[in-house]
Amino acid sequence: MTKLLQIRDDRGRKLTLHTLADGEKPPALPDGWSLEPADDAPLWQPAPDAISDRQFAQALALAGTITEAEALAWAARGELPEAMEEALGQIPEADGQRFGARIMLAGATTFERTHPLTEQLGDLLGYDAAALEALWSRAAAL
């Protein structure tokens, strides 16, 4: 028998629904997040491999990682939010790595979940694998 559970972030917002089979251990979640019985019918679908720049910026704003004004400027004009600039500052400059990451973030119209930069930036922004997956799923629903 499976259980339908929902993941809530540290602000109490429902992010995703998760199916847990009998005997299966629940996924690791960031501090302050919870996994609890679902309170409604699932609206969530597994996240696609890619999301739009607008979805990514909007999800980060809704999560409080960037401001709404920064999300709008990023989606409209490619202006990177302060949190992204700080994360980019931690990427080595060698072989154009930082520049490559910056231009990708500023100019991309889609973001791939499996791109190596996704994991790297997620880590630099404080998202572990479960939180990044929840963010991606939420973005896909926007």
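Predicted model: local features only at pLDDT ≥ 70, side-chain atom pairs only at ≥ 80, totals over all residues.

Reader: Is Met 84 buried or exposed?
Author: Buried means under 20% relative accessible area. The relative accessibility of Met 84 is 1%, so Met 84 counts as buried.

Reader: Which residues does Met 84 touch, not counting residues up to four places away in sequence?
Author: Met 84 and Leu 121 are 37 residues apart in sequence, with a C-alpha to C-alpha distance of 8.0 Å. Contact means heavy atoms within 4.5 Å. By that rule Met 84 touches Phe 56, Leu 60, Trp 74, Leu 105 and Leu 125.

Reader: How is H1 oriented to H2, roughly parallel or antiparallel?
Author: The axes of H1 and H2 (residues 68-77) come within 9 Å and cross at roughly 170°. Angles over 145 degrees count as roughly antiparallel. H1 is therefore, relative to H2, roughly antiparallel.

Reader: How many nonpolar, polar and charged residues has the contact of H1 with H2?
Author: From H1 come Asp 53, Arg 54, Phe 56, Ala 57, Leu 60 and Ala 61, and from H2 Glu 68, Ala 71, Trp 74 and Ala 75. By class, this contact has no polar residues, 3 charged and 7 nonpolar.

Reader: Which backbone atoms does the side chain of Gln 55 reach?
Author: Gln 55 lies in helix H1 and is buried, with a relative accessible area of 13%. Apart from neighbours within four places in sequence, Gln 55 is in contact with Ala 139, Ala 140 and Leu 142. Its side chain reaches the backbone oxygen of Ala 139 at 3.2 Å, and at 2.8 Å the backbone nitrogen of Ser 52.

Reader: What kind of aromatic pair do Trp 74 and Phe 111 form?
Author: The count comes to 4 aromatic pairs. In the pair of Trp 74 and Phe 111, the distance is 6.1 Å centre to centre and the angle between the planes is 65°. Planes over 60 degrees apart count as edge-to-face, so the pair of Trp 74 and Phe 111 is edge-to-face.

Reader: How many residues apart are the partners of that pair?
Author: Trp 74 is buried at a relative accessible area of 3%, and Phe 111 counts as buried at 3% relative accessibility. Trp 74 is in helix H2 and Phe 111 in strand E5 (residues 110-112). The pair links distant parts of the chain, 37 residues apart.

Reader: What pattern does the protein follow, read along the sequence?
Author: The protein has 142 residues, of which 35% count as buried. Its secondary structure comes to 6 helices and 5 strands. Read along the sequence, the pattern is β-β-β-β-α-α-α-α-β-α-α.

How values were computed:
Residues numbered from 1 in each chain as written. Heavy atoms only, no water. Axes fitted to C-alpha atoms, helices over the stretch in contact; angles between N-to-C directions. Helix = DSSP H or I, 4+ residues; strand = E, 2+ residues; numbered from the N terminus. Parallel < 35°, antiparallel > 145°, perpendicular 65-115°, else oblique. Nonpolar A, V, L, I, M, F, W, Y, C, P; charged D, E, K, R; others polar. Buried < 20%, exposed > 50% of the residue type's maximum accessible area, 1.4 Å probe, protein only. Polar contact = N/O pair within 3.5 Å; in protein donor to acceptor, adjacent residues only side chain to side chain. Phe/Tyr/Trp six-rings, centres within 6.5 Å; stacked < 30°, edge-to-face > 60°.
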